[in-house]
2 protein chains.
Amino acid sequence: MPTAALKVPDRDRGRGRSVGYRPLYRQVRDLLVRRLADGQWQPGKSIPSEQQLAHELGVSQGTVRKALDTMAAERLLVRQQGRGTFVAELTEQHILFHFFKLRTDDDAQLFPASQMIGVGLWRADDAERERLALGDGDEVVRIRRLRSLAGETVILEDIALPGAIFAALAGCDLPNNLYGCYASRFGVTVVQVSERLKAVALDGARAALLKVADATPALTIDRVAWDLDARPVEWRVSYCLTERFHYRSDVR
Amino acid sequence: MPTAALKVPDRDRGRGRSVGYRPLYRQVRDLLVRRLADGQWQPGKSIPSEQQLAHELGVSQGTVRKALDTMAAERLLVRQQGRGTFVAELTEQHILFHFFKLRTDDDAQLFPASQMIGVGLWRADDAERERLALGDGDEVVRIRRLRSLAGETVILEDIALPGAIFAALAGCDLPNNLYGCYASRFGVTVVQVSERLKAVALDGARAALLKVADATPALTIDRVAWDLDARPVEWRVSYCLTERFHYRSDVR
DNA sequence: AAGTGGTCTAGACCACCGA
DNA sequence: CGGTGGTCTAGACCACTTT
């Protein structure tokens, strides 16, 4: 039997003090998130049952349940009645529904196709260092690609990744689903993104790549993505033509 | 003592059948949502304690707790340890944080000021009937206003409301916080909005109202809002200048 | 001190899945 | 059928707010 990481005298569990008080289920949750971040539990695989975890950690099943429920709410886990609890996967389907918000104007959600323009390893510029929390002289992998929806080329993407993690990407073919690739090849799970949207007039170079007139209006999506350890792992700026597509945002 | 709405033979509560099975806490939640929608519980006011509700409804406190927790997650209620449970309010603060997503480029969230251009009651056009689920010949209240952030006029808004509910709005002064007004004067609580964003070139008339050049790029936010009963209660299109502001979207 | 919501436990039973 | 997660209960104790 594994060591019982949480088997501590009852009254010490919550530290007994008001400041820094962390409920037991929270401690359990944090411990289990560690297992995800460390790769002890692989995406798509099932994790031990509530009973097993409760016994292993020396807490009640109800406490484990609450920890697992919060993780399911954070979409780190997927629970299936009768089957078990599974580590969430960043499949194309998942990405499509949660991170890719462009739809056709009749509300269809389509898989975007990608056409690579370039990829390489470079010294990070000021903006990249700021967005990715890098230091002086650090390198980034830069990716530029075009994406199309319903056969129409409507997105130009400039992506920057920390070289320290992703340098190996610079010299190889890249899949359409980058987040799935980050997870499977680098153990980096994107769990949160923050986007800033603006309307701009396309400059000549970008308009040419998208084969539209200079100064055509475009929607820019400036996105930073963070992983399980809250590290910024990707900075991406997308230039989108929204004549026949829109960015969907549902609140609540 | 009020009639015990849920005091039914134990085995009938879940209907006993697999199809249409609704957990007890779900039934409690739906019953309590009814009280909100009917105005029995007013925004900002406290509701009875878990113990009281459990006794009144003939279920355990744990079941009431789960119902209240889900409602808090839906942001219909606000729970405060030691104080009680309160009906959520659509205060300016609340709106600002949850429905108004424009920020300055240094990430400050500012209260927008509003300047009314016009308001009136009209027969709904095709687009309005479709967005607001109205019938032939139904009327709408149309509102047009300019809004400014940090002293700069950057938003032009066209709003349409079902006349059947909001006709009284047509002849009076309108507050800056419309959603709060819908709640306090019409008992309409907006709980969900869906937005479609596009980048467009402003037409001459709208550019003139915003005092910018013809064909200036603008971010359009096409929003439909629904109330507690899932009725569409507002259609709003905002034209935003995003030179010094952006639309913020955080996922997860 | 009294009352509220928050945590934790233990146990029973239900719905669902797969073998 | 056994095992999983999901619901429901009852009771104890904790943290927080108000009186």
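This is a predicted model: local features need pLDDT of at least 70, side-chain atom pairs count only at pLDDT 80 or more; totals for chains, interfaces and linings use all residues.
Reader: How do you know that the copies meet through the same surface?

Author: Of the interface residues of chain A, 100% are also interface residues in chain B, so the copies meet through the same surface.

Reader: Which conventions apply to the numbering and to the model?

Author: Residues are numbered from 1 along each chain as its sequence is written, and chains are lettered from A and ligands numbered from 1 in the order in which they are written.

Reader: Why is A:V28 called buried?

Author: A residue is buried under 20% relative accessible area, exposed over 50% and partly exposed in between, with a 1.4 Å probe and protein chains only. A:V28 has a relative accessible area of 0%, so the residue is buried. A:V28 lies in helix 1 (residues 24-37) of chain A; helices are DSSP runs of H or I with at least four residues, strands are runs of E with at least two, and both are numbered from the N terminus.

Reader: Why does A:S148 count as buried?

Author: The relative accessibility of A:S148 is 18%, and therefore A:S148 counts as buried. This residue lies in strand 6 (residues 139-149) of chain A. Leaving aside residues up to four places away in sequence, A:S148 touches A:F111, A:P112, A:A113, A:T153 and A:V154, where contact means heavy atoms within 4.5 Å.

Reader: What makes the pairing of B:E128 with B:R142 a polar contact?

Author: The side chains of B:E128 and B:R142 are joined at 2.8 Å. A polar contact is a pair of N or O atoms within 3.5 Å; within protein, one must be able to donate a hydrogen and the other to accept it, and residues adjacent in sequence count only if both atoms are side-chain atoms. B:E128, in helix 5 (residues 126-131) of chain B, counts as buried because its relative accessibility is 5%. Residues that B:E128 touches include B:W235 and B:A160.

Reader: What is found at the start of helix 7 of chain B, and what follows the helix?

Author: A side-chain oxygen of B:N177 reaches to within 3.4 Å of the backbone nitrogen of B:Y179 at the start of helix 7. The helix is followed by B:G187, whose phi is positive, near 65°. Among the buried residues of helix 7 (residues 178-186) are B:Y179 and B:F186.

Reader: What makes phi of B:R75 and of B:A215 worth noting?

Author: Most residues other than glycine have a negative phi. Phi of B:R75 is near 60°, a positive value in a residue other than glycine, and phi of B:A215 is likewise positive, near 70°. B:R75 is in the loop between helix 3 (61-73) and strand 2 (77-80) of chain B, and B:A215 is in the loop between helix 8 (204-209) and strand 9 (217-227).

Reader: Why is each of these called partly exposed?

Author: The relative accessibility of B:R75 is 22%, so B:R75 counts as partly exposed. B:A215, at 43%, therefore counts as partly exposed.

Note on methods: Side-chain values use heavy atoms; hydrogens and water are left out.
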